[in-house]
Amino acid sequence: APKWPKETVKPVEVEEGESVVLPCNPPPSAEPLRIYWMNSKILHIKQDERVTMGQNGNLYFANVLTSDNHSDYICHAHFPGTRTIIQKEPIDLRVKATNSMIDRKPRLLFPTNSSSHLVALQGQPLVLECIAEGFPTPTIKWLRPSGPMPADRVTYQNHNKTLQLLKVGEEDDGEYRCLAENSLGSARHAYYVTVEAAPYWLHKPQSHLYGPGETARLDCQVQGRPQPEVTWRINGIPVEELAKDQKYRIQRGALILSNVQPSDTMVTQCEARNRHGLLLANAYIYVVQLPAKILTADNQTYMAVQGSTAYLLCKAFGAPVPSVQWLDEDGTTVLQDERFFPYANGTLGIRDLQANDTGRYFCLAANDQNNVTIVANLKVKDATQITQGPRSAIEKKGSRVTFTCQASFDPSLQPSITWRGDGRDLQELGDSDKYFIEDGRLVIHSLDYSDQGNYSCVASTELDVVESRAQLLVVGSPGPVPRLVLSDLHLLTQSQVRVSWSPAEDHNAPIEKYDIEFEDKEMAPEKWYSLGKVPGNQTSTTLKLSPYVHYTFRVTAINKYGPGEPSPVSETVVTPEAAPEKNPVDVKGEGNETTNMVITWKPLRWMDWNAPQVQYRVQWRPQGTRGPWQEQIVSDPFLVVSNTSTFVPYEIKVQAVNSQGKGPEPQVTIGYSGEDYPQAIPELEGIEILNSSAVLVKWRPVDLAQVKGHLRGYNVTYWREGSQRKHSKRHIHKDHVVVPANTTSVILSGLRPYSSYHLEVQAFNGRGSGPASEFTFSTPEGVPGHPEALHLECQSNTSLLLRWQPPLSHNGVLTGYVLSYHPLDEGGKGQLSFNLRDPELRTHNLTDLSPHLRYRFQLQATTKEGPGEAIVREGGTMALSGISDFGNISATAGENYSVVSWVPKEGQCNFRFHILFKALGEEKGGASLSPQYVSYNQSSYTQWDLQPDTDYEIHLFKERMFRHQMAVKTNGTGRVRLPPAGFATEGWFIGFVSAIILLFLVLLILCFIKRSKGGKYSVKDKEDTQVDSEARPMKDETFGEYSDNEEKAFGSSQPSLNGDIKPLGSDDSLADYGGSVDVQFNEDGSFIGQYSGKKEKEAAGGNDSSGATSPINPAVALE
């Protein structure tokens, strides 16, 4: 093991502040060793910028301190190879204390000169060192004037005193400078580094097989710094020592042998050398003679797609190396087409393949020994193409996106369409419904921001692959603000604080603004208030705060898709109390009685209290007086001032007060004590008739002193008393119009023409309305409404009977009707119009009509103001509508009634016919009911008074023609025989009628009692047995006035139960019907024959004998 040479170590004495070097001088060693400085306690000597160990093992002190005074500085040498550690004799460092340490500028202890030159080997590390002394302790900096320092390979060690450069390269040539500095000056040293390299291979010679007559070339290319010298040996003999032979030569480091023969088989050696090292490589040259042979299999099939490049293999072997030719099926070389190109290894390439390139190709390999041939089969397929690729999309978070992909393939190849997302294959994931892939569609559900990226449709076969890419961008509201910090808390005394935050993720939509909110957990927990918004490029702001609020802040980012999640909440800060800065608003003074005034205001929000509690100082005094203010402090937002005069103005002030003082001086508000009912009566100036349904009412302004309060406006009330011919006795409906206080006129519209009205005008204030001024007026005549019904009944092929009912609203005195009609197919030409002067007329017979034309009929009622609204019907004669048809006719039965129903044929004109019920069974004679006259358009008929559990035949007759027959059976279990006489003589009927008359008298008495007491009937009650022929409901949308139905032409009686409306008088009915029937009819539908043993009778009331109203046969007029 190495040993330290024996030496006498003398103490080192130095004055405090001076520099010193403790030498180590370890014994020489063939292997690297490690140096440590320790004391006798085997503790390492602490090293820093002042004390450091150099690469040579010496311990350097830039300046010594009294704390460095020790007698046991020991240098240890560690030899890792032999695993031994030896130590030097201890060095005694004695430091003399001084009271005046002298500052001095830096001086280099290592290296000691100003510059030095170093050679660094390429690929090896380079270590540069600078150790300086001085007081104060100098700092070391490293500079490279010739270029930037390679930061990725440079490390600084030993408190910047050592620079280590890893893996030195040629680019690291140049100057490196160290600079030692303190407050008194600097010292520097320049290292000039030259990078050199041992030889290394660029191209190493390779052994090879040659045939006779070929030229052999062995390349030996090396690099190094300095440039290595290259020499060759053949079979161990330097080329320079061989006899000069023209067979070989050396050219740029390469050994070239021409026209080699089997006797030239040899081993060669290339040697490269410079001062840093040596390279040596062996290469063998084999010269043999072999016949040509093709190693590629014969009759191999190659497939490729159009537009691609195909490679046909033909690997040949032989010595000499055989030549390779490619021929087509005709034996012609294929190289005439520039798309075909050969490779040195025999492969044939064909670029831009076409469909006609399909076929057989021959590879011919030949040398001086022989020639061989193989066949290669090429099939060119259609290229795969994506005809519709996916399109880039921008979608919102949580939605779904669909990508579609369509591709065309060669029909003989197996196609495949797959999807990739950011380079990874996508598949439907088990139970997850994230991805749905089917028929060239990719659907991604529940989009999240992690789903955005590039998505590709990959269409492939076994021969080619094509890809189409689309980009998905997922947008949405911003992410949460990740971090929130409060600063400048000292500003809380000024009710300010600074809030800073980290930017939120914008999620592909720029952040437009940040919303800063706060919560007071004491006053309003879990309720957040906005303090303001700042632009989206701002991440801090100083907030102006209110006194005495427990602030907890949060920040929310907002973009065009809305707000994101809020940030984590901040710490809670409390602002100090202060006097109120605001007073209540909306101060009002109004009385709810005639002798008080209620002062109200909108209370302050808690965040404006500026203290834990707030009260209100209320002051008031009569307006115009200079006397003292009366005041009271209250907590509730109102105060009642009692014992005031009626409607007196007061000056009012309300001021906020808390424990810290009062709010600002409040504004004076004028309030009023309670109002009384107005005493002013509006004076009417007159009523101007504007037209038959509108008037203008004017009045003079009232005396405001008599209003006893604030004039709020005028109530205009009016109602219709009846027509000018007859006043209504029915319930009166009043309409009201409210007119503003600054207006003294109003237009009343929607009035009934030819009517009498009563009018009242009242002034009103907050207390109520005053006395009314009254006036009556009448409206002039107007045009009537449309007739209520218009029916067309076929009479013959050239005639029609028109039946109608008068209008409900006459709006004057009816003077007659205007009837117009024209054929539809002539476009309104040939219209005939004539006046019917009789207002009581209800029918009109039209003759000489064309049997094959359809007509439009228009009927208008007239007054002296002219014709009114028309009622229009379309139809034709019997010839046009064809044979009468009872489509879908059916009959149903109850215990004592039967309902016959049918569907009128579209386009069939209305006509009248008879229905006859005949009982079947034991007694046929006298069991039939009277035939009834029915209208075709009414769709159904109900026959009452049938026997239970009885079969009936139903006969339908029109004129002299039998139209239809059917059967029905009533329900029940027994028969009750009807007497031949009418039921009007039966006792039960007489009792029933008497009961109805008695009930009617009781109702009349109750009505008169109610009217005498001022009561009002319901709007729907009908009081008059005879209705005023002028009345009609008004369709007034402005005032909603109710109209008494006083002008119905039907009177108060109900329509016939079978739905037929009697025009004038009663219709003819069939006489009593016997067992055998001989039926004859007049053209108007009445019977002219008679039945066995019966006299011809006239059935009063027509169809009224059919009984009471049923759900199927309602008591309404059917058109």
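This section describes the disulfides, nonpolar regions, salt bridges and backbone features of the structure above.

The structure is a predicted model, in which local features require pLDDT of at least 70 and side-chain atom pairs count only at pLDDT 80 or more, while totals for chains, interfaces and linings use all residues. Residues are numbered from 1 along each chain as its sequence is written, and side-chain values use heavy atoms, with hydrogens and water left out.

A disulfide is a covalent bond between the sulfur atoms of two cysteines. With a disulfide taken as a pair of cysteine sulfur atoms within 2.5 Å, the model contains five disulfides. Among them is the bond between C24 and C75, whose sulfur atoms are 1.9 Å apart. This pair links distant parts of the chain: C24 is in the loop between β2 (20-22) and β3 (34-38), C75 is in strand β6 (residues 70-79), and the two are 51 residues apart. Here helices (H or I, at least four residues) and strands (E, at least two) are DSSP runs numbered from the N terminus. The S-S torsion of C24 and C75 is about -60°, so this disulfide is left-handed. Both cysteines, C24 and C75, are buried; buried denotes under 20% relative accessible area, exposed over 50%, and partly exposed in between (1.4 Å probe, protein chains only).

C130 and C178 are likewise joined by a disulfide, with an S to S distance of 1.8 Å. Because C130 lies in the loop between β11 (126-129) and β12 (131-135) and C178 in strand β16 (residues 174-182), the bond ties together parts that are 48 residues apart in sequence. The link of C130 and C178 is left-handed, with -70° about the S-S bond, and both of its cysteines are buried. Another disulfide joins C405 to C457, S to S 1.9 Å. It connects distant parts of the chain, with C405 in the loop between β38 (401-404) and β39 (406-408) and C457 in strand β44 (residues 453-460), 52 residues apart. The link of C405 and C457 is left-handed, at -70° about the S-S bond, and C405 and C457 are both buried.

In soluble globular proteins, nonpolar side chains tend to be buried together. A nonpolar core is defined as a set of buried Ala, Val, Leu, Ile, Met, Phe, Trp, Tyr and Cys residues joined through side-chain atoms within 4.5 Å. The largest such core has 42 residues, of which W501, Y514, F553 and I599 touch the most other members. Apart from neighbours within four places in sequence, the contacts of W501 (heavy atoms within 4.5 Å) include V481, L484, Y514, I516, V534 and V555, as well as R483 and Q538.

A nonpolar surface patch of about 900 Å² is formed by W988, F992, V993, I996, I997, F1000, L1001, L1004 and F1008. Patches consist of residues with over 30% relative accessible area and no salt bridge, like charges being joined within 9 Å and nonpolar side chains (Val, Leu, Ile, Met, Phe, Trp, Tyr) within 5 Å; accessible areas come from the Shrake-Rupley method with a 1.4 Å probe, and for residues only the protein chains shown count as cover.

The model has 32 salt bridges, each being a side-chain nitrogen of Lys or Arg within 4 Å of a carboxyl oxygen of Asp or Glu. In one of these, the closest N and O atoms of R50 and D68 are 2.6 Å apart. The pair links distant parts of the chain, R50 in the loop between β3 and β4 (51-53) and D68 in the loop between β5 (59-61) and β6, 18 residues apart. R50 is buried, with a relative accessible area of 14%, as is D68, with 7%. D219 and R217 also form a salt bridge, their closest N and O atoms 3.0 Å apart; D219 is buried at 18% relative accessibility, whereas R217 is partly exposed at 45%.

Most residues other than glycine have a negative phi, and most peptide bonds are trans. A cis peptide bond joins F110 and P111, with omega about -15°, and another joins F135 and P136, with omega about 5°. N25, in the loop between β2 and β3, has a positive phi of about 50° and is exposed, with a relative accessible area of 52%. N643 has a positive phi of about 60° and is exposed, with a relative accessible area of 76%.
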